[in-house]
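Let's take a walk through this structure together. Have the sequence and the 3D view open, and click on each residue as it comes up.

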Amino acid sequence: FFSQVDSANAGRVLASDAAVFLKKSGLTDLVLGKIWDLADTDGKGVLSKQEFFVALRLVACAQNGLDVSLSSLNLPVPPPRFTDTSSPLLLSGTASSDVPWAVKLEDKAKYDAIFDSLNPVNGLLSGDKVKPVLLNSKLPVDILGRVWELSDIDRDGMLDRDEFAVAMFLVYCALEKEPVPMSLPAALVPPSKRKPISVPGAMPLIPPSAATKESHQSLPAVGILAAKTPLTQ
């Protein structure tokens with residue numbers, strides 16, 4: 001990764017080059033800003049090789065649902081994933097429709113049955129109806145808040161059948177002690193929600209409407225989880 005960014009073999013990485021590369025992690029600008037601040041210890045706007053490694057490690061922590069802090073650096077995490085590497089969860093310039101949906105057919109049938117049992121209105125479940133199901137998992141409230149954020153893909157405060165399946169998938173992953181990602185991997189975006197890509201390799205992992213400037217609009221929905229901690233990342 002370092003040699004990709006330091007193509008001139010200068011032994012250091014400029015902020016502008018690092019930013020372009022780190023954006024391929026699919027993390028929000030807010031999280032990436034925090035990662036940069038922690039890695040660029042003396043605020044000089046340049047990362048040495050060692051500092052760049054710290055940034056990569058923090059990206060991996062964020063992608064695996066861990067805190068972005070120096071105390072997370074010693075925790076065991078898989079390597080960070082970027083859109084131009086061969087990771088199956090992130091796209092490498094292929095059209096998003098080519099990636100199979102991570103939710104298996106037999107699981108989808110189970111999730112659909114739960115969805116129908118909650119009496120959806122016009123094919124949608126309100127936050128109030130989803131909340132008991134999420135809380136029933138006994139997962140921490142901050143994790144459930146992130147599950148809601150990731151599964152409410154169109155940010156309308158309601159879950160349709162496919163979004164509900166994403167929520168259930170993430171809950172079951174969390175119950176299996178798998179970390180809930182900070183941004184929705186391409187393989188988890190339901191085929192019905194995928195948009196054709198015009199620029200190869202520029203797959204936005206979260207819809208543009210989820211950009212930070214609008215994230216406050218989705219907070220009332222997350223508020224259904226009665227969070228003790230603020231749920232903006």
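Start at K193, which counts as buried at 18% relative accessibility; buried here means under 20% relative accessible area, exposed over 50%, and partly exposed in between, with a 1.4 Å probe and protein chains only. Before going on, keep in mind that this is a predicted model, where local features need pLDDT of at least 70, side-chain atom pairs count only at pLDDT 80 or more, and totals for chains, interfaces and linings use all residues. Residues are numbered from 1 along each chain as its sequence is written, and side-chain values use heavy atoms, with hydrogens and water left out.

What does K193 pair with? Its side chain meets that of D160 in a salt bridge, 2.6 Å from N to O; the term stands for a side-chain nitrogen of Lys or Arg within 4 Å of a carboxyl oxygen of Asp or Glu. This pair links distant parts of the chain, since K193 sits in the loop between α8 and α9 (212–222) while D160 is in strand β4 (residues 158–160), 33 residues apart. Helices (H or I, at least four residues) and strands (E, at least two) are DSSP runs, numbered from the N terminus. D160 is buried too, at 16% relative accessibility.

K193 also forms a salt bridge with E163, and there the closest N and O atoms are 3.8 Å apart. Again the pair joins distant parts of the chain: E163 belongs to helix α8, K193 to the loop between α8 and α9, 30 residues apart. E163 counts as buried, at 0% relative accessibility.

Now follow α8 itself. At its start, a side-chain oxygen of D160 reaches to within 3.1 Å of the backbone nitrogen of D162. Just after the helix, K177 takes a positive phi of about 70 degrees.

Is α8 mostly covered or mostly open? Mostly covered: 12 of its 15 residues are buried, among them F164, M168, F169 and L170. The cover over those buried residues includes α5, β3 (124–126), α6, α7 and β4. One of these, α7, is mostly covered as well, with 9 of its 11 residues buried, including W148 and L150.

That brings us to the largest nonpolar core, which has 30 residues; L134, F164, L170 and L184 have the most contacts inside it. A nonpolar core is a set of buried Ala, Val, Leu, Ile, Met, Phe, Trp, Tyr and Cys residues joined through side-chain atoms within 4.5 Å. The elements giving two or more residues to this core are α5 (105–117), α6 (127–135), α7 (141–151) and α8 (161–175), and α8 gives the most, with 10 residues.

P80 lies in the loop between α4 (49–63) and α5, and is buried with a relative accessible area of 14%. The C-alpha atoms of P80 and R57 are separated by 7.0 Å, though the two are 23 residues apart along the chain.

Back to charges for a moment. Side chains of opposite charge can pair when their charged atoms come close. The structure holds 12 salt bridges. One of them joins E51 and K44, with the closest N and O atoms 3.1 Å apart; E51 is buried at 12% relative accessibility, whereas K44 is partly exposed at 45%. Elsewhere, K108, D112, D116, R161 and D162 are linked in a network of salt bridges.

Finally, the record. UniProt, in an unreviewed entry, places the feature "domain: EF-hand" at residues 27–62 and 139–174; such annotations may be inferred rather than shown by experiment, feature names are shortened, and positions are in the numbering used here. Over residues 27–62 the chain is 69% helix and 8% strand, with the end C-alpha atoms 8 Å apart. For residues 139–174 the span is 69% helix and 8% strand, and the end C-alpha atoms lie 8 Å apart.

Terms used:
Contact = heavy atoms within 4.5 Å. Polar contact = N/O pair within 3.5 Å; in protein donor to acceptor, adjacent residues only side chain to side chain.
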